[in-house]
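Trainee: Please take one part of this model and go through it closely. Then set that part against the rest of the chain.

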Amino acid sequence: MTHIYLIRHGESYANEKLIYIGHTDYDLTERGHAQAQKTAEYLSNIHVDAIYSSDLKRAYNTALHTAQMRGMAVETNENLREIYAGDWEDVPFDTLVEHYKTEYKLWLENVGEAYCVNGESVKQMQSRFVGEVEKLAKRNDGKTIFIFTHSTPIRVFKAAADKKSAGEIKDVPWATNSSVTHAVYENGEFSVLEYGFNGFLGDVATFLPTTV
């Protein structure tokens, strides 16, 4: 059995400004760093054998808080990135609602069947991310790993573990900034034991707007 902790990055400047990003490389805000530090403290009593992260700044710099506290390295991996947003990269949510009425309406109402215009579909991103997590789980058989990543990957991972269809992904809530999801991999199957826990964040907790 491999224990896997999926940690969403702390608040980024794009989160603060209500801008849609996938691979656009915004860094953490001051509050994002505060969230990342609280996450590191929450995780401090959990044994870990390896730390992995998306190579984007907001995830990597969240991971560094945990890694530096433990004197460990972070291995970056582009397959752990957020969905590639294509024409939606670096665009305010309100603008997407106005200018991509059909495509963004699908994102809001049935995300598992959605796609970013000239970017990845949610199904493509799910295959990429879940496949990579499975590789890491097999590489670390019997160990515990931390993976610092993004909201959509964590959401679709939960759906895959629960064997939900693409049309049912909409029923899985978003994981909030710096939240922790605990899963295990055993006999070729993922199981989620705890999803999106953020009770340790206190007054620095942040939540997603209704336009995402």
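Mentor: Tyrosine 5 sits in strand β1, which covers residues 2-8; helices (H or I, at least four residues) and strands (E, at least two) are DSSP runs numbered from the N terminus. The model is a predicted one, in which local features need pLDDT of at least 70 and side-chain atom pairs count only at pLDDT 80 or more, while totals for chains, interfaces and linings use all residues. Residues are numbered from 1 along each chain as its sequence is written, and side-chain values use heavy atoms, with hydrogens and water left out.

With a relative accessible area of 10%, tyrosine 5 is buried (buried is under 20%, exposed over 50%, partly exposed in between, with a 1.4 Å probe and protein chains only). Neighbours within four places in sequence aside, tyrosine 5 is in contact with Leu43, Ile46, Thr144, Ile145, Phe146, Ile147, Val180, Thr181 and His182, where contact means heavy atoms within 4.5 Å. With histidine 182 there is also a side-chain to side-chain polar contact of 3.5 Å. A polar contact is a pair of N or O atoms within 3.5 Å; within protein, one must be able to donate a hydrogen and the other to accept it, and residues adjacent in sequence count only if both atoms are side-chain atoms. Valine 74 is 69 residues away from tyrosine 5 along the chain, and the two C-alpha atoms are 14 Å apart.

Leucine 6 also lies in strand β1, and at 0% relative accessibility leucine 6 is buried. Residues up to four places away in sequence not counted, leucine 6 touches Phe129, Ile147, Ile154, Phe157, Ser179, Val180 and Thr181. The contacts of tyrosine 5 include Ile147, Val180 and Thr181, and those of leucine 6 include these residues too. Serine 179 is 173 residues from leucine 6 along the chain, with 8.3 Å between their C-alpha atoms.

Serine 179 leads on to asparagine 198, whose contacts beyond four places in sequence are Thr176, Ser179 and Phe207. Asparagine 198 belongs to the segment after β8 (189-197) and is buried at 19% relative accessibility. The side chains of asparagine 198 and threonine 176 form a polar contact of 3.0 Å. Glutamine 35 is 163 residues from asparagine 198 in sequence, at a C-alpha to C-alpha distance of 9.7 Å.

Lysine 38 is part of helix α2, residues 30-43, and is partly exposed with a relative accessible area of 30%. Beyond four places in sequence, lysine 38 is in contact with Phe200, Leu201 and Val204. Serine 178 lies 140 residues from lysine 38 in sequence and 8.5 Å away in space, C-alpha to C-alpha.

Another buried site is serine 54, which has a relative accessible area of 0% and occupies the loop between β3 (50-53) and α3 (57-70). A polar atom of the serine 54 side chain is 3.2 Å from the backbone nitrogen of leucine 56. The side chain of serine 54 also makes a 2.9 Å polar contact with that of histidine 150. Among the contacts of serine 54 beyond four places in sequence are Tyr60, Asn77, Arg81, Phe148 and His150.

Two loop residues deserve a check of the backbone. Most residues other than glycine have a negative phi. Leucine 18, in the loop between α1 (13-17) and β2 (19-20), has a positive phi near 60 degrees and is partly exposed at 41% relative accessibility. Aspartate 90, in the loop between β4 (75-76) and β5 (91-92), has a positive phi of about 65 degrees and is partly exposed at 37%.

Now the whole chain. The protein has seven helices and eight strands. Its radius of gyration is 16 Å, close to the 17 Å from the globule rule for 212 residues, so the protein is as compact as a globular protein of that length; the radius is taken over C-alpha atoms, and the rule is 2.2 Å times the number of residues to the power 0.38. The C-alpha trace spans about 45 × 40 × 25 Å along the principal axes. Of the 212 residues, 56% are buried. Among contacts between residues at least 6 apart in sequence, 72% join residues at least 24 apart.
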